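This report looks at a complex one chain at a time and then turns to the contact between its chains. Please keep the sequence and the coordinates at hand while reading.

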Amino acid sequence: MIIRKSLILILLTIISCGYIRAEDTDSTHSEEFNISETLFHHILDSHDWHLVDIPTGETDAHGDPVYKPVALHLPWLFYSSKTGLEFYANTHAMHEAGKYVSHHEHVYAVAEGQSVPHEYHGHGELENSEEIIDESVTIYDLSPSKTVVQIFLIGLLLVWLLSSVAKSYAKREGQAPKGMQSLMEPIILFVRDDIAKEYLGEKAEKFAPYLLSLFFFIWFSNMFGLMPFNSNIMGNISVTAALAFLSFILIQVNGSKDYWRHTFAMPGVPIAIVPLMTIIEVLSLFIKPIALAIRLFANITAGHFMVLSLVCLIFLMGESGKNLGGAFGIMPVSIVFTLAILTLEVIVAIIQAYIFTLLTAVFIGMARETHDDHH
Amino acid sequence: MENIGLIGAGIGAGLAAIGAGIGIGRLTASAVESMARQPEMSGDIRGAMILMAAFIEGVALFGEVICLLAVFQ
């Protein structure tokens, strides 16, 4: 028992240490540790799947060690108003071609007569950026970012995992669940019985597939977001907004006649109040999905900020390696708090998935409701 | 005076947290009291409690997002 407990503790510590990565040193030599830059580097979406920095053993002009970044370079695909559809295999190839430049994870056209500096690799500061970038060219960026790739990976994982569970139900009909089935069955039954049936009644079977997809996708994304080397998916407002938009469409499509009457002409109120009620009701149509999106986004982002800030304490107190005593002094505190917050985040991951699914079911249930009391 | 927005954001975040804390505290207190009176209703009460806590938290998070926008505008 003790061995098992300590193994779990070690595993959690390793996971929390995964956040402590060597910082980018290929940018300009910085005298002091910039906490907000580090936070945003880890929380925002990026175009390179940065895995790890390997020390090369060499030192630069300032005497700092030089790191070689190991990253998965994602392709660029965008529509430009100057040259049409453009495709480049990675940032390096795009800079080699010299027509477009990536700056702060956005792509810009290079102005006439200008060129991309050879030592610029797409991150850090681009010197003379106002001169190099031609702002007049409009670019619609369609390139897959780190988050997009991660979403596809999670989608594939879920399809494989859940269809294998479904297959084993077909194969082992009437028998006790086995293997992955035993893990998935209580969760699926929980979503179906405690969320779908509770709020949608006899129509629960119709909405269960959507609710289950939503639950598993959010839960898995949150869990992957907590692991090192993975993208912070639900901490990206575009992703949560897209999910909330799907729920919004589903709620409106399933609205009953009473739902629309209560929205546009609330029965049983004085006629003078009706326009005011209509404004409030129409606003609430949009506020519900916006609240869904912001709730999920803010919860996940807050968790990541907490974890990263605690880890950054080590770098702050250590003054980027100049004060080893400070770094080692704060390290136990930082690791213990990080561990605690990460444990909380594992719970938040499933609670937020539950709340998003639950509220979607509640809103659909409210829209489907028919009132027989005509005041 | 340039950093006065930061002070505002800090105070705002604190107030949002206080509001949500009071709200969720009162909600949980009542829910636990009801559960103690009628243990057979625990399941339903817990479900309603989590749902309402999500709503309260949602309002607080609106506040926090606005504070974040004030800091990183």
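**Confidence**

The model is predicted, and the predictor assigns the complex an ipTM of 0.75 together with a pTM of 0.82. Chain A has a mean pLDDT of 83, with 89% of its residues at 70 or more, while chain B averages 87, with 97% of its residues scoring at least 70. Within chain A, confidence is lowest in helix H1 (residues 2-17), where the mean is 60, and highest in helix H8 (residues 237-253), where it is 94. Over residues 16-29 of chain A the pLDDT stays under 50, and for this stretch the model has 28 contacts beyond four places in sequence.

**Overall make-up of chain A**

Chain A contains 11 helices and 8 strands. Of its 375 residues, 25% are buried. Among the contacts in chain A between residues at least 6 apart in sequence, 64% join residues that are at least 24 apart. The domain assignment divides the chain into domain 1, covering 75-141, and domain 2, which is made of 146-171 and 179-374. The centres of domain 1 and domain 2 of chain A, taken over C-alpha atoms, are separated by 35 Å.

**Strands and sheets**

Strands S1 (residues 48-59) and S2 (residues 65-73) of chain A pair in the antiparallel sense, with 8 bridges between them. They form a hairpin in which 5 residues lie between S1(A) and S2(A), and A:Gly63 in the turn has a positive phi of about 85 degrees. Two of the residue pairs can be named: A:Trp49 stands opposite A:Leu72 in S2(A), and A:Ile54 has A:Lys68 in S2(A) as its bridge partner. How many of the 12 residues of S1(A) are buried? The number is 0, and S1(A) therefore lies largely in the open.

An open sheet of 3 strands in chain A has the order S4-S3-S8, with antiparallel pairing. Its edge strands are S4 (84-88) and S8 (139-141) of chain A, each of which pairs on one side only. Neighbouring strands of this sheet are turned against each other by 25 degrees on average, direction ignored. Strand S3 (residues 76-80) of chain A is joined to S8(A) by 3 bridges, the two running antiparallel, and A:Tyr79 stands opposite A:Tyr140 in S8(A).

Strand S6 (residues 106-110) of chain A pairs with S7(A) over 2 bridges, and A:Ala109 stands opposite A:Asp134 in S7(A).

| Strand pair | Sense | Bridges |
|---|---|---|
| S1(A) and S2(A) | antiparallel | 8 bridges |
| S3(A) and S8(A) | antiparallel | 3 bridges |
| S6(A) and S7(A) | antiparallel | 2 bridges |

**Two individual residues**

Most residues other than glycine have a negative phi. A:Phe229, by contrast, has a positive phi near 70 degrees, and its place is in the loop between helix H7 (204-226) and H8 of chain A. Is A:Phe229 buried or exposed? A:Phe229 counts as exposed because it has 12 C-beta neighbours inside 10 Å, and a residue with 12 or fewer is classed in this way.

A:Ile280 is found in helix H10 of chain A, and it is exposed, with 12 other C-beta atoms within 10 Å. A:Ile280 and A:Thr263 are 17 residues apart in sequence, and their C-alpha atoms are 8.6 Å apart in space.

**The contact between the chains**

The contact takes 8 residues from chain A and 8 residues from chain B. On the side of chain A that touches chain B, the elements that give two or more residues are helix H10 (274-317) and helix H11 (324-368) of chain A. The residues on this side of chain A divide into 7 nonpolar, no polar and 1 charged.

Note on methods:
Residues are numbered from 1 along each chain as its sequence is written. Chains are lettered from A and ligands numbered from 1 in the order in which they are written. This is a predicted model: local features need pLDDT of at least 70, side-chain atom pairs count only at pLDDT 80 or more; totals for chains, interfaces and linings use all residues. pLDDT is the predictor's confidence in each residue, from 0 to 100. Helices (H or I, at least four residues) and strands (E, at least two) are DSSP runs, numbered from the N terminus. Two residues are in contact if their C-beta atoms, placed from the backbone, lie within 7 Å. Domain bounds come from an automatic or database domain assignment. Two strands pair if DSSP finds at least two bridges between them. Axes are lines fitted to C-alpha atoms, for helices over the stretch in contact, and angles run from 0 to 180 degrees between N-to-C directions. Ala, Val, Leu, Ile, Met, Phe, Trp, Tyr, Cys and Pro count as nonpolar, Asp, Glu, Lys and Arg as charged, and the others, Gly among them, as polar. A residue is buried if 20 or more other C-beta atoms lie within 10 Å of its own, exposed if 12 or fewer, and partly exposed in between; C-beta atoms are placed from the backbone.
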